[in-house]
There are 2 protein chains.
Amino acid sequence: MIYLDYAATTPVDKKVLQKMLPFFDKNFANASSIHRPGQLAQEAVELAQKIIAQSLNCQPHEVIFTSGATESNNLVFQGIFKALAADSKFKNQKLHFITSNIEHHCVLDSLAALQKESPQRIQITYLKVNSQGLINPEKLKKAIQKNTVLVSIMFVNNEIGSVQPIEKIGRLIASVRKKRNKNNLPLYFHSDAAQAFSYFDCDTRKLNLDLVTLSAHKIYGPKGVGALAVKTGVRLTPMQYGGGHQRGLRSGTLNVSGIIGMGEAVNLAQKQRKDNTQKITALRDYFIAQIEKQIPGAKLNGPRKKRSPNNINFSFAGAEGESIVLLLSQKGIAVSTGSACSAESLESSHVQLAIHPKNHLSAHSSIRFSLGKFTTKQELATTVKVLKNVLKKLRKTSKDIKV
Amino acid sequence: MIYLDYAATTPVDKKVLQKMLPFFDKNFANASSIHRPGQLAQEAVELAQKIIAQSLNCQPHEVIFTSGATESNNLVFQGIFKALAADSKFKNQKLHFITSNIEHHCVLDSLAALQKESPQRIQITYLKVNSQGLINPEKLKKAIQKNTVLVSIMFVNNEIGSVQPIEKIGRLIASVRKKRNKNNLPLYFHSDAAQAFSYFDCDTRKLNLDLVTLSAHKIYGPKGVGALAVKTGVRLTPMQYGGGHQRGLRSGTLNVSGIIGMGEAVNLAQKQRKDNTQKITALRDYFIAQIEKQIPGAKLNGPRKKRSPNNINFSFAGAEGESIVLLLSQKGIAVSTGSACSAESLESSHVQLAIHPKNHLSAHSSIRFSLGKFTTKQELATTVKVLKNVLKKLRKTSKDIKV
């Protein structure tokens, strides 16, 4: 199998699995137990927390473990909304959230649920990206109001790989915040860095980030575990209660083996970031060049420059995305039409529609190839060859060939 | 190490780990992906779902995977409350919940949060248990009102092992429900069976259960994964949004390896239930007899008969529970004062206070020994011997010896 769907999920790195193994059946105790085995588990959890905190340049206690990026992102929106909406000081104010129109479903759906539940207390601005899938920081600045409490912009888009100007946005938010009276509503900056962490420095101080979402299974760690960095002072109401684990912000028995795995995944990602970025960027550029050279009617979606090293997204005129995925799969190549999370839905990707507002066809024929640290040039060469044949076959039967 | 804290968590069974391993780095795909590797992951998830559904006598699609029992229980309360509170048909009604005063913190805290958030829409009855920690079904029946929407009673108490009359309660609720008009509020029955599943049949039809909570790490499966069985028709608003996984009830990338592990853990628990119950019950009775024979001032907490096979809970007059745990730990024996989840808190256990309402001292000196399938008679004999010495030492220094 040629696996080109690393943005959907990654294999667990052997080094990560090795670190996890003892915590299944040897050091298996509950990290909340006060006996020695419990304390050993707790110490291992704290080490993982420290590794992640160092990588984000924040304090270890500011790192909360969750079941994944979806939970982390939901916790950000629900948690901040509930904490501020319950404060009688702000009872006559609508809480304003700013995000983009190409965020992950878990951001958009989480906000939509709050909007439905409490329409009288929430106001949401969905910033439009340009045709490259990029936010304009000046437009973002203009969107900030007196009652804006959170700006949430994903670091790297999961479908088209656009890299947002997080550092610029962070500076801009910090400057607005400085002018706010301390009795007023707070203004926080959050970024979902699930797709970014392997390739970009996520230093919360440098980027002025108050909250950062990470996912283990996108960086060669296990599924079912994620993190949320929450700067001290950020007001957040928990989503799930009981036991008071993790400073009361996220109760539930700690997933010790998962957390250890995430710690090691972060450790490796940090160490390998420079080399992987260099290697994978070269592979990406080779692949884009080969497709553009060898395959007629291929149109790159997303930016050419401000693009994640591992993302390639093309629309192939005259062929349906889903059919391409299925035929490639038959030939042993795994790619996707867009986000795996919405693979079961037949709707056009909201990200593609955001960058091609008038072109449903282009959205329907888009394919995401996402590379990873085990991808080879040979695999990409083979993929171009197979793709050529697959497209020939599909275009023969297509009624609307526009090549 | 002699591990007598199986109620806090269990080691992952080697057979469970073997089933999980391929899903970390070989069959690692995202179960939502439509390519072949994704579909293989999805098929494995469906098999686990089927195993769990069979064990609960419900439909596979009625089994939802969560991050653990805490999330499952929170989803029950938040989900049912939100779904019914948002229904304009019931907008002038308070929603009534019935539970017991010895439930797990995640039940009590979840309800307390709803009470705080929406005091005008919720009413909660906390049924008192008797001195054995048992619910009186007749009292429960009397507590049911026209606006009661949920009765939630844990199957086996995690601290004192009392086994509630779930079948009786289920029949009783079913009979009340029959008389309700279909336009009225629904009446659901939920049980947290996290501590019960290894030893008791959790057949949802036989027990008339609408919702059941399970946890993998209490039954020799991995931490970070649990399940909630939700009968078709039960109205439930999700806690976390995005992607619409699991019929929209619980979005988030499926924790494939964890789910596979949970499937196998449930499979083994079912197969071994009869043998383990027999073996562990005998060990429990041996241990209780030895303590009562050899250790003066030992008082059994919880019922003698309606007691989980693996639970032993004693108060030792003249000694602090925490000190006993720490000294036993030094001697290589792992036990706990009560629930691991509240180990970090210095408050008396709410379960002990519920059965000894006037005796804080007894609550403060209680120790839980919880047995598992790897426990041996020799380990228990050694524990009694060491405990004797530990208590001698502690009682020498105690100011309030009442032995």
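**Exercise 1. Find the domains of chain A and the distance between their centres.**

Solution. Start with the bounds, which come from an automatic or database domain assignment. Domain 1 of chain A covers 2-8 + 273-395, and domain 2 covers 14-267. Next, take the centres over C-alpha atoms: they lie 28 Å apart. Then list the contact (heavy atoms within 4.5 Å). Domain 1 of chain A brings 33 residues to it, and domain 2 of chain A brings 30 residues.

This is a predicted model: local features need pLDDT of at least 70, side-chain atom pairs count only at pLDDT 80 or more, and totals for chains, interfaces and linings use all residues. Residues are numbered from 1 along each chain as its sequence is written, chains are lettered from A and ligands numbered from 1 in the order in which they are written, and side-chain values use heavy atoms, with hydrogens and water left out.

**Exercise 2. Work out the area that domain 1 and domain 2 of chain A bury between them.**

Solution. Buried area is the accessible area (1.4 Å probe) that two parts lose on being put together, summed over both. Here the total is about 2,400 Å², with 54% on carbon and sulfur atoms. Now look at domain 1 of chain A. A:Arg273, A:His350 and A:Val351 lose the most area to domain 2, together 26% of what that side buries.

**Exercise 3. Count the salt bridges between domain 1 and domain 2 of chain A.**

Solution. Apply the rule: a side-chain nitrogen of Lys or Arg within 4 Å of a carboxyl oxygen of Asp or Glu. The interface of domain 1 and domain 2 of chain A has zero salt bridges by this rule.
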